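Dear colleague,

Please find the structure below, handed over for your use. My notes on what was found in it follow directly after.

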Amino acid sequence: MPELKRFFGLRNTTAPERFAVGELEAATNVDIDDTSKVRSRAGFTQLSATSTHSLWGSDGEAYAVQSSVLKRVTAAGAVATLAALVSNAPMTFLRAPGAGVFYTNGVDKGRVTPQGVGSWGIAPPKGQPEASQSAGNLPAGRYMYALTFLRLDGHESGTGLAGQVDLTTEGGIAFTGIEVSTNAEVCGRIIYLSTPNGEVLYRAVLIPNNTDTTVSYRNDGLDFTAPLTTQFASPPPAGSFLEMFNGQACVALGAAVYYSDPYALELFRLGSQFLQFPGQVAMLSAVNNGIFAGTREGVWFLQGDRLDKLQSTKKLEYGVIPGTAAKVDAASFVMQKEGDPLPVSSPAVAWVSTRGICLGTEGGAVQNLTEKRFSSPSAARGSVLVRRTNGFSQYIAALQVPGSTDNLYQ
């Protein structure tokens, strides 16, 4: 009887009677390590009997969704409620250094900080207050003005088209009908003013977010030092996938990817700062010098260091199963030929395509790791786990509503 010393994983692209020695028709609850040895897979401990989805973890934090409720999973395995959600759709998360963890499921969106769950961005005022001339020390001229909302942590909302008021003589400006924010995190309201006949607006008045709806500016304008930087910005849309690239947050929604201002992850300009794709985005995952983006029909690499100047190259003519993209180390997953130099440790992206598991590395190189040996089933969506155990790395995918494998043998 032959002795099998090495196992080369599952194969379903040919009939079992044609397998080479070491190829497997089935493998249940086993791992195959980097030396091609088979060992029993470790077991698991159930933390919660409640139906759970969208489990995500990073830097010692973990979150999940149970029955339209956002939950925190502690290191000890406890599951605690964070917030009720409107939708029970799959959730995606994004760690934002210094800002917490952002989340969205296409309907709900928010951010988790050590203080709890809050809003991701602040809705801007619906309009500008009324303004009229009053007593004061401003020179005569035309003044532009705008209102913003201020959050407790210093984040400031956007604002719309500025209002304007004319002073026929030296005087002040009285504002009435100042909107009050309904967001419980908002602590203040700021009114910005331009210089006489100017176009740049500067911070002029700060008032609490309370029931007062009137205030006047009576100074001479010499205190105008902080310019308005959030005009025409808005919070992000609720989307399906999130990513961070060079200090900007990205939100995929339908066939578009919207991105924030640089290092201002809660300010989006939806009319101008977006990337358009020929189909619904199913993957958005960055490496050091670009972003891999995919739809059901194809995969692109967007290369560059600025989101407004990326160069797009189509890499695959077949698409991505949503929810299966994960960050990996290229050194652990690149397929090598004998004599090739050892791969360098660098960020890479693995995903399940409609033709197998693929790996994308810096510069846009793409390898299909499994197509020649294993035909993956089609699926509406998937979920993945990347783990390092017993000295080797694993990319583990679970597919929802699997369909037929695209070959003759299964």
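Is Asn29 buried or exposed? Asn29 is exposed, with a relative accessible area of 57%; here exposed means over 50% relative accessible area, buried under 20%, and partly exposed in between, with a 1.4 Å probe and protein chains only. Asn29 lies in the segment before S1, and its phi is near 55 degrees, a positive value in a residue other than glycine.

Before the remaining findings, a word on conventions. This is a predicted model, in which local features need pLDDT of at least 70 and side-chain atom pairs count only at pLDDT 80 or more, while totals for chains, interfaces and linings use all residues. Residues are numbered from 1 along each chain as its sequence is written, and side-chain values use heavy atoms, with hydrogens and water left out.

Overall description

The protein chain has 1 helix and 32 strands; these are DSSP runs numbered from the N terminus, with helices (H or I) of at least four residues and strands (E) of at least two. Its radius of gyration is 27 Å, well over the 22 Å that the globule rule gives for 410 residues, so the chain is more spread out than a compact globule. That radius is taken over C-alpha atoms, and the globule rule is 2.2 Å times the number of residues to the power 0.38. Along the principal axes, the C-alpha atoms fill a box of roughly 105 × 45 × 35 Å.

Of the 410 residues, 47% count as buried. The accessible surface comes to about 20900 Å², and 52% of it belongs to carbon and sulfur atoms; accessible areas come from the Shrake-Rupley method with a 1.4 Å probe, and for residues only the protein chains shown count as cover. Among contacts (heavy atoms within 4.5 Å) between residues at least 6 apart in sequence, 54% join residues at least 24 apart.

The mean positions of the 32 positive and 34 negative charges are 7 Å apart. Lys and Arg count as positive and Asp and Glu as negative, with His and the chain ends not counted; each charge is placed at NZ of Lys, CZ of Arg, CG of Asp or CD of Glu.

Individual residues

Asp59 also has a positive phi, near 50 degrees, in a residue other than glycine. Most residues other than glycine have a negative phi. Asp59 sits in the loop between strand S3 (53-58) and strand S4 (61-66) and is exposed, with a relative accessible area of 66%.

Gly110 belongs to strand S9 (residues 109-113) and is buried, at a relative accessible area of 0%. Leaving aside residues up to four places away in sequence, Gly110 touches Val101, Phe102, Tyr103, Gly118, Ser119 and Trp120. Its C-alpha atom is separated by 9.8 Å from that of Ala83, 27 residues apart along the chain.

Ala15, in the segment before strand S1 (30-32), is buried, with a relative accessible area of 7%. Ala15 and Glu25 are 10 residues apart in sequence and 9.1 Å apart from C-alpha to C-alpha.

Finally, Ser393 is found in strand S32 (residues 392-400). Its side chain makes a polar contact of 3.5 Å with that of Ser332 and one of 3.1 Å with that of Arg388. A polar contact is a pair of N or O atoms within 3.5 Å; within protein, one must be able to donate a hydrogen and the other to accept it, and residues adjacent in sequence count only if both atoms are side-chain atoms. Not counting residues up to four places away in sequence, Ser393 touches Ser332, Phe333, Arg387 and Arg388.

With kind regards
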